[in-house]
Amino acid sequence: MNEQVLRTIVELLAMIVKVDGVGEGERESIEKFFRENLNDAAVRNYLRVFDGYLETATATREAAFNLCTAINQELSLKQKIVILLRLIELVLADRRFSPAEEELMRAVCEAFNISDERYQNLKEFVTAGDLYALDSSCILVVDDLHHEGLKVKHYHKGHLGGKLGILRLPDVEMYLLRIFHYTGDMFLNGELLHTQYVYPLTNGSVVRSEKSEPLYFSEIVGNFRRTEYKPRVTFTARDIDYYFKGGKQGLHRIHIAEESGKLVALMGASGSGKSTLLNVLNGNLKPAHGKVTVNGADVHAQRERVTGVIGYVPQDDLLMEDLTVYQNLYYAAKLCFSQQTEPETGELVSRTLASLGLGETAHLKVGNVLEKTISGGQRKRLNIGLELLRQPSVLFLDEPTSGLSSRDSENILDLLRELAMMGKLIFVVIHQPSSDLFKMFDRLVVLDMGGYQVYYGDPVEAVVYFKSLANQINKEMGSCLSCGNVNSEQVFNILESKLIDEYGHPTTARRVSPQTWYDHFRQKIRLPDPLPSLEQPENSLRIPSRWNQFKIFVARDVRAKWHNTQYLVINLLQAPLLAFVLAYVARYYKTDELTEQGTYTLAGNLNVPSFIFMSLIVALFMGLTISAEEIIRDARILKREAFLNLSRHSYLSSKIFILFSFSAFQALVYTLVSNWIVGIEGMTLTYWAVYFACFCFANMLGLNISATFKSVITIYILIPVLLIPQLVLGGIVIEFDQINPQINRHDEVPLVGDLMASRWAFEALAVSQYKDNRFERQFYRLDKQLANASFKRDYLIPTLSSKLADCLAAGDSVGDSAGSGANPGKDRLVRNLNLLRSEIRKEMVAVPGIRLAAVEKLQTGQFDFAVSEQATDYLRNLRAHYVRVYNQASRLRDGAVSRIIAAKGLAAFQAEKERFQNESVLNLVTNRGVEARIVEYRGRLIQKINPVYLDPTNILHPLDFRAHFFAPTKYFLGYHVPTLYFNLGILWLMSLLLYVTLYFNVFRKLLGMRLRRGKN
């Protein structure tokens, strides 16, 4: 309070005293009041001020009312109560209450807005001779006797040697202490107690006597509030051992037993295991030995029984930075209370904001380190508020005051203290608290290096305990007698004190080892064992259904992205910008060397295959970049929500839904812009479908790496690693025919290529761009007949005839060299005969009307000149068949062309061809530039030219879908499925498999196994 307020109070005291005059008791009471608020020099000064006012004061009701009214708004309610209490003591110094004094006291109450009931309670408490005769639930009597049938609360304290009375003022949560009688000295925080005074109790207060154990403030509060906790919660952790993955022991036989209404501090040096202990207690880590229970339910083995009972606030902020303060709380409430209506949820959030002191920041975006909009203290309070929404019975906080100013730290601890008063059991890891914060705690657990428990009890008593063990001077003093401050650092200075060498320098060796401190703890500290409660702890959670969780996750994520302006702008402009750059660069056409003029046509653009392929790489890149941070960004949020046991499927589905929706839009914009610039017409849906499938595959891949790794830097280093194989093994940068022979196959795409999404997507678009464009689809069926008949006529049958002739020559050679050693001719004969037999069988299936009766004689021992002649006739007839097929298809195609020209004109026909058919794509999918148009591979003849016209033939089983590159169809379950649809199906199957690995965290588990194996 300021000096003007204090002078007004001094004048008020003088006015009260003047009614009956100043006696020895009155002056003593006044001096005591000054000493509570002032130092010695100021006490003497204000006693002189008091004497001056005593001469001039007018003791009237009106004067007292005016004085109190003048300072009413400068004082808190607790200060007003203390002033009223001292006035009552002052009046009673002469052991009587005169009517004039009563009148003045009521004027003071009226001016201070103190009710008559409260005044009477205070007066009754001060004047009472026998507290047992009173009838009030707000009075607690503490003595060493046993009583029954009392109307006041009673607490038995063995060997106390006196009687104490405590009055509780519940609306301000204020406690007043009065000593009634005693057989020896009693002290409150080191101050000798007197029967004629009433003493306010503050956090950390300790009453000591010569015979009894100390009476702690937490005991007093617990006795008042114990019956208010519904239901009562008991928390026990017995003999807890914990080992880290490397085998090192992190916790040694930890014992904790607490109940509702306690604020428990966990303290220790860095590396002593505070956070480890906190995570074992809250169920995040499972102990190697011992059990943690809440009302008898095992936290680790019976998690369903403690769902919603335990809350956890890690040291890191668990906030959605792109949402406002209100929205963070709102969506947390939606995930906790499905039964609430919108107005009820809004009211709950507003009420929580008010209790946190965050009402003014409700609509501010939370922000991050680089974009601060709310303070560190407000962030911490919001973190706590996210847990307070669901009202957990047991709350764990990991260094909630870390990095905060002393004022913000005090606000946080005030909030936690209030929660404890409401019946919550709260565990807090805290580091170097100030005296005021330290005294707010009811219990203190101290850990030493290695996870040894070395203290468990009252915080202030910890200083006395360690000073006593260290045999320091003033070892009975836990706090400063003059200021009441407690230096918690003394505990760690004693714990970690170092040995001194012969030169007086401290060494690195500790004076007392953690194990020794632990032994002292086991011998000297009496471990509490509260009466267990087996009733089910209160759980107000009503988790929404999976569908509703999905909707909430979607709404929350969409709103967060909407508030992130940079994210929106970059991702909305990314697709059209990349489409424009890539398409504009790829828009090639020939120009006249002199005029530098030319006309662009799709047909003459040599870059269309490269444009298609690079567009797919762009789709994969964009899909990866927008998804790679999604889960790692939410990692801390998921850590908090793990205590709600929400549906992982709903969460992942919401992410996928949002990403796929955004990808669909990006794919559409990219398709429209790029196809318009390049001039690809009539295939928008096809291109969009393939781009979208690539986007979605990349989204799923990005979500997997986001869920696997813990560092954003690692994720963005991985993106090129994931894209480069897609680039190299997509089928265009390095052609599959020219790949390393160790992994190459001439009859189908190498397996390493089939693992690449880019290969399936590029093949789908290249094949579709050629065969499904508006011009070619008129002739594709006939072009296919022409190409296949031409290949059989010009390449297959001549090759078979050559092999047949070689067999005759090889047969003569085998006969001439019979009886000799190695016979290469025989090997060639066997190989050629096997190939002939295989290929002719396939042709007999394809053309059943032309048959070779001696086909089974195409093997050594049966092959002779007669069989050769029959085979020669068969091949001649087969060639004639394919000549007829070719001629017939050629006539039909020429007729179709003639009809179109007759209908539209030659110029329109040529213009349509240049508008829709690209020569580079045609050359690519027909492989016109290949030198070897037919090759022998593994006993078969492989067609290398015109792959876009060749359906898969070497089918081994119904699921044998593998085929050569640019095949027009894929075989699957007895059907030839068009390549576009089949490849799209493969891309979506890849995405589905990636969802399975994402849901079960397959890659993260494999990585963990790999790392553990590496360490071992």
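Predicted model: local features only at pLDDT ≥ 70, side-chain atom pairs only at ≥ 80, totals over all residues.
In what order do the 5 strands of the open sheet lie?

1. Residues are numbered from 1 along each chain as its sequence is written, and side-chain values use heavy atoms, with hydrogens and water left out.

2. The strands follow the order β2-β1-β3-β4-β7, with mixed pairing. Helices (H or I, at least four residues) and strands (E, at least two) are DSSP runs, numbered from the N terminus, and two strands pair if DSSP finds at least two bridges between them. At the edges are β2 (153–156) and β7 (198–201), each of which pairs on one side only. From one strand to the next, the twist averages 25°.

3. Strands β3 (residues 162–169) and β4 (residues 174–182) run antiparallel and are joined by 8 bridges. Ile166 has Leu177 in β4 as its bridge partner. Helix α5 (residues 77–91) packs on the sheet and touches β3, β4 and β7; the direction of α5 makes about 165° with that of β7. Axes are lines fitted to C-alpha atoms, for helices over the stretch in contact, and angles run from 0 to 180 degrees between N-to-C directions.

4. The largest nonpolar core comprises 190 residues, and Phe235, Ile256 and Phe427 have the most contacts inside it. Such a core is a set of buried Ala, Val, Leu, Ile, Met, Phe, Trp, Tyr and Cys residues joined through side-chain atoms within 4.5 Å. Helix α24 (residues 684–708) supplies the largest share of this core, 16 residues. Another core, of 63 residues, lies apart from it and includes Ala57, Leu85, Ala107 and Tyr132.

5. Beyond its neighbours within four places in sequence, Phe427 is in contact (heavy atoms within 4.5 Å) with residues including Phe235, Ile256, Glu258 and Val264.

6. The count of disulfides (pairs of cysteine sulfur atoms within 2.5 Å) is 0. For Cys68, the nearest cysteine sulfur is that of Cys109, 8.8 Å away. Cys68 is buried (under 20% relative accessible area; exposed is over 50%, partly exposed in between, with a 1.4 Å probe and protein chains only), at a relative accessible area of 0%. Cys336 also counts as buried, at 2% relative accessibility.

7. Helices α30 (residues 865–904) and α31 (residues 906–916) pack at an angle of about 115°, their axes 7 Å apart. Residues making the contact include Val897 and Ile900 of α30 and Leu906 and Phe909 of α31.
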